[in-house]
Amino acid sequence: MLIYFIIFCAVGAAIGKFSRNRKTALAIILGAAMLWGAAHMPIWGLVTLGELLLGYFLFDVFFKGTHSPSQSEDETKDP
């Protein structure tokens with residue numbers, strides 16, 4: 001079970017590295033989780049969704065640096 005956790009987190013990080021934007025990446029992650037859930041059991045699709053999202057967001061926060069609290073604060077302020 002631990003090997004699947006590592007694999008899906010790595011796949012989520014790879015999706016984060018090679019995707020152009022966040023919407024596309026999340027659509028790929030959701031599609032992969034749905035396919036995995038259809039091939040196995042729905043609960044494993046949900047687990048896969050969590051693992052892929054964990055890998056994606058860890059990559060996004062630590063390597064891309066696109067998720068920062070200062071960005072969201074700047075977008076909400078009026079000029």
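Reader: Let's start with one residue. In which helix is Thr48 found?

Author: Thr48 sits in helix α3, which covers residues 42–64. Keep in mind that this is a predicted model. The chain has four helices and zero strands, running α-α-α-α from the N terminus on.

Reader: How confident is the prediction, and what pLDDT does the chain average?

Author: Here's the general idea: where pLDDT is low, the predicted coordinates should not be read in detail. In this case the chain averages 85, and 81% of the residues score at least 70.

Reader: Which other residues of α3 are buried?

Author: First the general idea: an α-helix has 3.6 residues a turn, so residues three or four places apart point the same way. Now look at the helix itself: Gly45, Thr48, Glu51, Leu52, Gly55, Tyr56, Phe59 and Asp60 are buried in α3. The buried residues of α3 pack against α1 and α2 (22–39). Across the whole chain of 79 residues, 23% count as buried.

Reader: How far apart are the end C-alpha atoms of α3, and what span should its residues give?

Author: At 1.5 Å a residue, the 23 residues of α3 should span 33 Å. The end C-alpha atoms of α3 are 31 Å apart, which agrees.

Reader: And pockets? Which residues line the largest pocket?

Author: In general, rolling a probe the size of a water molecule over the atoms shows where empty space is left. Here the largest pocket holds about 160 Å³ of space. Its lining is made up of Met1, Tyr4, Phe8, Trp36, His40, Trp44, Val47, Thr48 and Glu51. So Thr48 turns up again: buried, and part of that lining.

Reader: Which helix gives the most to the lining?

Author: That's α3, with four residues. Both α1 (2–18) and α3 supply at least two residues each. By type, the lining divides into six nonpolar residues, two polar and one charged.

Key
Residues numbered from 1 in each chain as written. Predicted model: local features only at pLDDT ≥ 70, side-chain atom pairs only at ≥ 80, totals over all residues. Heavy atoms only, no water. Buried < 20%, exposed > 50% of the residue type's maximum accessible area, 1.4 Å probe, protein only. 1 Å grid on protein atoms, 1.4 Å probe; cavity = no way out; pocket = protein on both sides within 12 Å on 5 of 7 lines; lining within 4 Å. Points joined across faces, edges and corners; volume = space filled by probe spheres on them. Nonpolar A, V, L, I, M, F, W, Y, C, P; charged D, E, K, R; others polar. Expected span 1.5 Å × (residues − 1). Contact = heavy atoms within 4.5 Å. pLDDT = per-residue confidence, 0-100.
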